[in-house]
Amino acid sequence: MATTEVERRRGQLAALSIAAVVIIVGVPLWWRTTETYRAWLPVSQINELAKLQLHLSGDVEVVFARGTVTPEQQKKVPLTQAQDEEHRVDEDTALRYRYETRYRTATVMEEDSLNQPTAAEADLSLHTLSESPCGSLVVYVIPESSSLLPQDVDVYIGQRRTALLRIGPQMRVGKTLEQLLAHLEPRIKQVLQVMSFSHTDITAALSDRVRLSPGNKESIADSMRAFKSSPGYEITFSLLNPDPKSHRLHWDIEGAVQTYIRPLLTKLSPVANFSIDSQTLHYAVLGVNPRFDSSRSYYTLNADSLAHVINPVEARLGSNAASSNPVLNFLLYVPDAHHSPLYIHDHKKQEVPSNAFHSPRWGGIMVYNVNGFYEPETMFPVDINIDMAKVMGVFLAQLRLLLGVQSSSPPPGFLMAPCGSAGLADWELDRLMWSRSVENVATATTTITSLAQLLDQIGNIVINDNIAEQVSSAVTSLQLAVAELEAGNLGFALQYSKEAILASERAFFDPSLLHLLYFPDDQKFAIYIPLFLPMCVPILLSLLKIVSEARQKRREKQAKKD
């Protein structure tokens, strides 16, 4: 009996020891070694960015030329005025615009520049005196008698960040300065919205975050036409020759790119990086058959059939698999001898002057007829040199549209100078940078907020240090971009917004976040039950037996006492 009691006692101690080791050491060790690593994320700052409050500041300097203010009024300038506007886009997004206007009189050198024969020469001369910083404007108020502007023009917008504003006949010298400023205020605001940013442009740039109003069809069309903001773009020029047996085409694409395209891309370098390539495709035909118009003796492509041209041609273009940047395709199509000449018709059955069309967020196609370069009796093949100036003029206009450079019609009384050899005016670049900065901020906040919600809902996803670093970098860059927009530092705001969108996308598309790299709870049970159940059953049975024996002994002792 004594030996049996000792053995039972030893078994109980062994079971208790094993259970204690499993509970005190084994379970915490297993829990620690199998827990999902989740690095710290700035969740509170991400939640603050989810409620986006954007403040945009526009700086305008108004310079009064001689003859626009009286000596008495000159004593009250320089002075500064500020005006704020608030717009609630939706429940999570609000916009606030601050227009700060500084008034002063023109210097002697500026007066000399304003005495130039033409407005274009005055614009150039004023630019040589001082260059306005990115995102700011200078408006020169000139007297009604000035010969710089035609009689029907009140505002001249040059190639730089300078505008000339003719004072109205109702505000001749003699009025008070307050009346003069009140008269100029709506006109100056109109100039600012044309040359800098407008509520319509900023709202369209928030399309990734908010739903656009159906009533604003123009802004919706512009936002759908242009490519989304990206750190880089690939531009491909393709020459399609469906009939190489008849036409030997020669195009100086390299020289044309350097002359017409490269200056524009150089000016757009703060917005994105660009790479250019070209190719010639033989026996490449359109996806539709042109119709012969007997009344006009040429072939036509109707507007309804243009949508069917893209897909068959795109299959021949190839793709750059080494880059994830959007591709802008520009195709020059030379019709074969049996379908020449070929002209594109619009919805009104009228010839398109450029004989070209563009597809939103894809590229453009131009039809180049060469039947006029040779006589019908000419022996084939014929050597043809393509007029690259004509071609690049069309492609340059399409490129501006696809990159978001809006060429809206000016308000009544406005005269805009041509964009010049660079293909882009300074104020057009500023306008694009405002839109891109806001678009980048909206896209990055949406991406980083979606990632935070995903990681919060699925607790088994591993958050490694690299992801946490990218998220923190994106949040910091977003905060800096929002702050620079409020301060009016457009260049820094665009740079920080680009860094934010890059960091947020690297974090969101990190391979470690793939669904195959984490296990749901049901898979965990399926893995761990076969391992732990055979070990836990004997331990649990031993513990239950020990408890049962202890209760039996307690009842026996209680019975003896009774």
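View 1. Across the whole structure, a search finds 12 aromatic pairs, a pair being two rings of Phe, Tyr or Trp (its six-membered ring) whose centres lie within 6.5 Å, called stacked if the planes are under 30 degrees apart, edge-to-face if over 60 and tilted for the rest. The model is predicted, so local features need pLDDT of at least 70 and side-chain atom pairs count only at pLDDT 80 or more, while totals for chains, interfaces and linings use all residues. Residues are numbered from 1 along each chain as its sequence is written, and side-chain values use heavy atoms, with hydrogens and water left out. The ring centres of Tyr99 and Phe197 are 6.0 Å apart with planes at 15°, so this pair is stacked. Both Tyr99 and Phe197 are buried, which means under 20% relative accessible area, with exposed over 50% and partly exposed in between (1.4 Å probe, protein chains only). Ring pairs also join Tyr97, Tyr99, Phe197 and Trp434 into a cluster.

**View 2. The pair Phe330 and Phe395.** With centres 5.4 Å apart and planes at 50°, the rings of Phe330 and Phe395 form a tilted pair. Phe330 is buried at 1% relative accessibility, and Phe395 is likewise buried at 1%.

View 3. Most residues other than glycine have a negative phi, and most peptide bonds are trans. Ser340 and Pro341 are joined by a cis peptide bond with omega about -5°. Asn355, not a glycine, has a positive phi of about 55° and is buried, with a relative accessible area of 7%. Arg361 also has a positive phi, near 55°, but is partly exposed at 32% relative accessible area.
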